[in-house]
Amino acid sequence: MILYTPLSETDIFPTSEDTYNKRCCVTHNGKMLYVEETSSGSYELLQLLSTDPHDFMDATFNPGTTFKG
Amino acid sequence: MDENKGLQNKDEREEKEEENQPKSSSLVEKIQQLGQTNVPQAPDSNIHVLSIIGQIEGHVQLPPQNKTTKYEHVLPQLIAIEQNPKIEGLVIILNTVGGDVEAGLALSEMIASISKPTVSIVLGGGHSIGVPIAVASDYSFIVPTATMTIHPIRLTGLVIGVPQTFEYLDKMQERVIQFVVSHSNIKEEKFKELMFAKGNLTRDIGTNVVGEDAVEYGLIDEVGGVKNAMKKVNQFIDENQTGQKGVIQ
């Protein structure tokens, strides 16, 4: 199928509500984390929300780290 | 006998391998996550870093495949920076394609009204609403390869009340222009000329300004990277401290 349109792909094929609901902001060890729930029930770290550059040096907050729910 | 000994050795080897496994598997996990194994530790930093990456997300939640900076996350961080006496300076790292105008203007106003020294670096791109955010800081840098797209604001989706919406958008654009003009050295005529230029962008009117040109137009203060930005923010911090001492005396 070829679409010829100025609209973006997501305007034509909207993302399901579930993908939004799986993502949330949590606080873990005093740090704000943006996480996504995985199919196994644990949480995968998407983004560490901090302005302190040293927080990003902490290997426990690397993006992709999984936390038990 | 020999056979038994051989088996025993094999068992021992297996045990050793098992012992090593958890360590190596966690290492593999780390490499899979970010391609890095460990990072050096350093003392507390008096300069905080705010990275504004991807799209500026405002009132509408963007699909998950978009990388976004959500203003509801950034605004409290800026307040925390303002309140924390240990934080003496702020470096803003920009690599954004633009996004929600009101969210971007909110961030810009927040950055502009912070009492602590702020320095911004445009890396890669600081497009659309990234322009007011970049100029909101006390001093702005752009790396030579970075670009900034200046174009009129746009609206997608359903419009109810076309004349009113048009007027509203016109005013909103004026707010963006006024903010950029009052926080940088660019002249209003020049900024508007860049914004409404034809033939530069494939699907839009506007201009894509590259690093050195942005400095030439007065939009950005200087061409430079991390080194220059850190030097500048430290210089501002020193000036602040000597100024405060002067007041006490």
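Which residues make the nonpolar surface patch of about 540 Å²? In this predicted model, for which local features need pLDDT of at least 70, side-chain atom pairs count only at pLDDT 80 or more, and totals for chains, interfaces and linings use all residues, side-chain values use heavy atoms, with hydrogens and water left out. Residues are numbered from 1 along each chain as its sequence is written, while chains are lettered from A and ligands numbered from 1 in the order in which they are written.

The patch is made by A:Met1, A:Leu3, A:Leu7, A:Ile12 and A:Phe13; patches consist of residues with over 30% relative accessible area and no salt bridge, like charges being joined within 9 Å and nonpolar side chains (Val, Leu, Ile, Met, Phe, Trp, Tyr) within 5 Å. Accessible areas come from the Shrake-Rupley method with a 1.4 Å probe, and for residues only the protein chains shown count as cover.

Two strands are taken to pair if DSSP finds at least two bridges between them. Six bridges connect strand 1 of chain A with strand 2 (residues 31-37) of chain A in the antiparallel sense, and A:Arg23 stands opposite A:Glu36 in strand 2 of chain A.

In chain B, strand 1 (residues 47-57) runs parallel to strand 3 (residues 89-99), to which 10 bridges join it, and B:Ile56 stands opposite B:Gly99 in strand 3 of chain B. Strand 1 of chain B is also joined to strand 2 (residues 68-70) of chain B by three bridges, again in parallel, with B:Glu57 opposite B:Lys70. These two residues form a salt bridge whose closest N and O atoms are 3.1 Å apart, a salt bridge being a side-chain nitrogen of Lys or Arg within 4 Å of a carboxyl oxygen of Asp or Glu. The pair links distant parts of the chain, 13 residues apart, and both B:Glu57 and B:Lys70 are buried.

The structure holds eight salt bridges over all chains. Another of them joins the side chains of B:Glu102 and B:Arg175 (3.8 Å, N to O); because B:Glu102 lies in helix 3 (residues 101-112) and B:Arg175 in helix 5 (residues 162-183) of chain B, the pair ties together parts that are 73 residues apart in sequence. B:Glu102 is partly exposed at 28% relative accessible area, as is B:Arg175 at 39%. A further salt bridge, with closest N and O atoms 3.2 Å apart, is formed by B:Lys192 and B:Glu188, which are four residues apart in helix 6 (residues 188-195) of chain B and so separated by about one helical turn.

The buried residues of helix 2 of chain B are B:Tyr71, B:His73, B:Val74, B:Gln77, B:Leu78 and B:Ile81. They cover an arc of only 150 degrees around the axis, which puts them on the same side of the helix, the arc being that of the directions from the helix axis to the C-beta atoms.

Notes
Helix = DSSP H or I, 4+ residues; strand = E, 2+ residues; numbered from the N terminus. Buried < 20%, exposed > 50% of the residue type's maximum accessible area, 1.4 Å probe, protein only.
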